[in-house]
Amino acid sequence: MSDGPEWFATKRYGYGAGAPISWQGWAITIGFVLLAAVLGVTFARKPVVFIAIMIPLTILLSTIAANTTKGGWRWRWGDKD
């Protein structure tokens, strides 16, 4: 379905991306988690600022995952493709 890179596997049930399947997927996932942890510690007393920063970062991660998921994002019921 996608002609581009495949960094994430498809989920067997539900909608969205599964686990990373390439080093690029792992790198972006680990980078996101580390950045979220650093921002959480940095803005521990300012939750509104933390949320305001995390929303665009989460949208960015979701967009990258949607564009690099093997088979694309669609609802799945457990059937093998």
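**Helix 1 against helix 2.** I looked up which residues meet here. From helix 1, Ile28, Phe32, Leu35, Ala36, Leu39 and Gly40 touch Phe50, Ile53, Met54, Leu57, Thr58, Leu61 and Ile64 of helix 2; contact means heavy atoms within 4.5 Å. I sorted the contact by class: eleven nonpolar residues, two polar and no charged. Gly counts as polar in this scheme, and Asp, Glu, Lys and Arg as charged.

**Source.** The model is predicted; local features need pLDDT of at least 70, side-chain atom pairs pLDDT 80 or more, while totals for chains, interfaces and linings use all residues. Numbering starts from 1 along each chain as its sequence is written, and side-chain values use heavy atoms, without hydrogens and water.

**Axes.** I checked helix 1 (residues 23-42) against helix 2 (residues 47-67): the axes come within 11 Å and cross at roughly 175°. The two helices are therefore roughly antiparallel, a label for angles over 145 degrees. Helices are DSSP runs (H or I, at least four residues), and strands are too (E, at least two).

**Faces of helix 1.** I found Gly25, Phe32, Ala36 and Leu39 buried. Buried means under 20% relative accessible area, exposed over 50% (1.4 Å probe, protein chains only). I noted the cover over the buried residues: it includes strand 1 (8-10), strand 3 (17-20) and helix 2.

**Ser22.** I placed Ser22 in the loop between strand 3 and helix 1. Ser22 is buried, at 15% relative accessible area. Leaving out residues up to four places away in sequence, Ser22 touches Glu6 and Trp7.

Key: Axes are lines fitted to C-alpha atoms, for helices over the stretch in contact, and angles run from 0 to 180 degrees between N-to-C directions. Angles under 35 degrees count as roughly parallel, over 145 as roughly antiparallel, 65 to 115 as roughly perpendicular and the rest as oblique.
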